[in-house]
Amino acid sequence: MKLFQATSWLDLIKHLCFILVIGIILVLFFFYVYLPVSTNHGETLTVPDVRGVVIDDLDEFLNERNLRFEVTQDSGFSPDYPPLAVLKQLPMPNAKVKENRKIYVTLNAESPPLVRMPKLIGGSVKNAQLVLKTYDLKLGEIIYRPNLAMNYVLDQRINGRSVLEGEKIPKGSPIDLVAGDGLGKVTLESPN
């Protein structure tokens with residue numbers, strides 16, 4: 001037990017140096033041996049692009065690549081993707097990540113959200129196109145009717161029925177416009 005007893009200042013300094021050397025060796029072992037082995041240092045996977053993949057297929061798709069996913073609480077809507085398909089992902093495609101990393105995904109809504117129908121009647125077709133784009137609505141068919149005002153919007157329709165300003169309609173709906181042809185009535189009645 002004499003080895004662990006400090007009888008002089010020199011013994012105390014030797015013990016402190018011994019403890020310091022052991023501490024440095026443990027810290028170096030932890031950072032240069034244990035952590036690289038336990039975290040698979042230098043081994044990465046490339047994140048695949050899962051945008052457009054339906055959630056039913058997503059689990060199998062990512063399990064094959066040793067990745068996991070978690071659905072975020074927010075959702076969006078795009079008519080270009082099927083319902084419950086991935087709209088956004090984080091980390092982005094082609095990013096380098098560790099094995100078993102979570103990919104956070106935002107899903108496409110099952111049904112489109114409702115938006116208020118803007119007022120298109122009384123403006124030009126060009127203006128109506130810009131307003132429809134702002135409201136995430138699609139331009140359907142442009143139907144020309146005899147009217148002296150060329151490209152003047154006379155009516156706005158969905159599926160053949162007139163729709164009023166402020167009425168709630170599904171986002172992404174095609175809106176048909178009835179516009180003036182700029183000619184008016186081309187047949188003239190003449191007296192006998």
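In which strand is Pro170 found? Pro170 belongs to strand β10, which comprises residues 168-170; helices (H or I, at least four residues) and strands (E, at least two) are DSSP runs, numbered from the N terminus. The model is a predicted one, in which local features need pLDDT of at least 70 and side-chain atom pairs count only at pLDDT 80 or more, while totals for chains, interfaces and linings use all residues. Residues are numbered from 1 along each chain as its sequence is written, and side-chain values use heavy atoms, with hydrogens and water left out.

With a relative accessible area of 35%, Pro170 is partly exposed; buried means under 20% relative accessible area, exposed over 50%, and partly exposed in between (1.4 Å probe, protein chains only). Between the C-alpha atoms of Pro170 and Gly184, which are 14 residues apart along the chain, the separation is 34 Å.

An open sheet of four strands runs in the order β7-β11-β8-β9, with mixed pairing. Its edge strands are β7 (138-145) and β9 (161-162), each of which pairs on one side only. Two strands pair if DSSP finds at least two bridges between them. Strand β8 (residues 153-158) and strand β11 (residues 174-180) are joined in the antiparallel sense by four bridges, and Asp155 faces Val178 of β11. In the loop between β8 and β9 lies Asn159, which has a positive phi of about 50 degrees although it is not a glycine. Asn159 is exposed, because its relative accessibility is 76%.

The loop between β3 (86-90) and β4 (96-97) contains Pro91, and the peptide bond joining Leu90 and Pro91 is cis, with omega about 0 degrees. Asn94 is also placed in the loop between β3 and β4. Asn94 is not a glycine, yet has a positive phi of about 70 degrees, and with a relative accessible area of 61% this residue is exposed.

Two surface patches remain to be described. Patches are made of residues with over 30% relative accessible area and no salt bridge, like charges being joined within 9 Å and nonpolar side chains (Val, Leu, Ile, Met, Phe, Trp, Tyr) within 5 Å. A salt bridge is a side-chain nitrogen of Lys or Arg within 4 Å of a carboxyl oxygen of Asp or Glu. The nonpolar patch, whose members include Leu20, Phe30, Tyr32 and Val37, has about 1,100 Å² of accessible area together, by the Shrake-Rupley method with a 1.4 Å probe. Tyr32 lies in helix α1 (residues 9-38) and is exposed at 63%. Asp56, Asp57, Asp59 and Glu60 form a patch of negative charge; Asp56 is in helix α2 (residues 55-63).

Conventions: Lys, Arg positive; Asp, Glu negative; His and termini not counted. Charge placed at Lys NZ, Arg CZ, Asp CG, Glu CD.
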